Amino acid sequence: DSTDTILVQVNPVERPGTPRSAREIVNRVNEVSFNATLQKELRMIALLRKVTDPGNAEGARWANMRMHRIASDLMSELGYSSKLNAEWEFLTMLRDEGRRAAESFLDAHGADLGVRSTLDLDHFIGPV
């Protein structure tokens, strides 16, 4: 029943540069494929917020939904093969980075939780 949803982004949506090697291309294809479903869902939520009637219960649920995103720049430095890395040092590094990203998010947007969205869903609508 919460109206706040926090998205923890583990795959970068954008990555600097152009993939050159076969491995870089495969990594990027996997990221794009994984993110395609997420982007589609966010676009659907954004569209529902625009077209629903906030006067009825279901419409109010969509209209009042607040979205937030926690992300880390470190994720764009990791390749697809990192998803197969189960080494303890790597996992604890990810845990620590997740905590740092969450703390940074809370410092910047903690007061917005329960009040307003910090993720611009209209960005996902684009040209129709």
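In this predicted model, the side chains of E97 and R100 meet in a salt bridge, with 2.7 Å from N to O, where a salt bridge is a side-chain nitrogen of Lys or Arg within 4 Å of a carboxyl oxygen of Asp or Glu. Local features need pLDDT of at least 70 and side-chain atom pairs count only at pLDDT 80 or more, whereas totals for chains, interfaces and linings use all residues. Residues are numbered from 1 along each chain as its sequence is written, and side-chain values use heavy atoms, with hydrogens and water left out.

**Overall build**

- The protein chain has three helices and two strands, which run β-α-α-β-α from the N terminus on; helices (H or I, at least four residues) and strands (E, at least two) are DSSP runs, numbered from the N terminus.
- Along its principal axes, the C-alpha trace of the protein chain spans about 50 × 35 × 20 Å.
- Of the contacts in the protein chain with a separation of 6 or more, 69% are accounted for by residues 24 or more positions apart, a contact meaning heavy atoms within 4.5 Å.
- Buried residues make up 29% of the 128 residues in the protein chain, where buried means under 20% relative accessible area, exposed over 50%, and partly exposed in between (1.4 Å probe, protein chains only).

**Salt bridges**

- The structure holds six salt bridges, among them the one between E97 and R100.
- E97 and R100 are separated by about one helical turn, because they are three residues apart in helix α3 (residues 88–109); E97 is buried, with a relative accessible area of 14%, while R100 is partly exposed, with 42%.
- R28 forms a salt bridge with E31, the closest N and O atoms being 2.5 Å apart, and both residues lie in helix α1, three residues apart, which is about one turn of the helix.
- R28 is buried at a relative accessible area of 17%, and E31 is buried at 3%.
- R95 and D96 also meet through their side chains in a salt bridge, with 2.9 Å from N to O; R95 counts as partly exposed at 39% relative accessibility, and D96 counts as partly exposed at 39%.

**Surface**

- The protein chain exposes about 8,900 Å², of which carbon and sulfur atoms supply 55%, with accessible areas coming from the Shrake-Rupley method with a 1.4 Å probe, and for residues only the protein chains shown counting as cover.
- V10 lies in the loop between β1 (4–8) and α1 (22–51), and V10 is partly exposed, with a relative accessible area of 45%.
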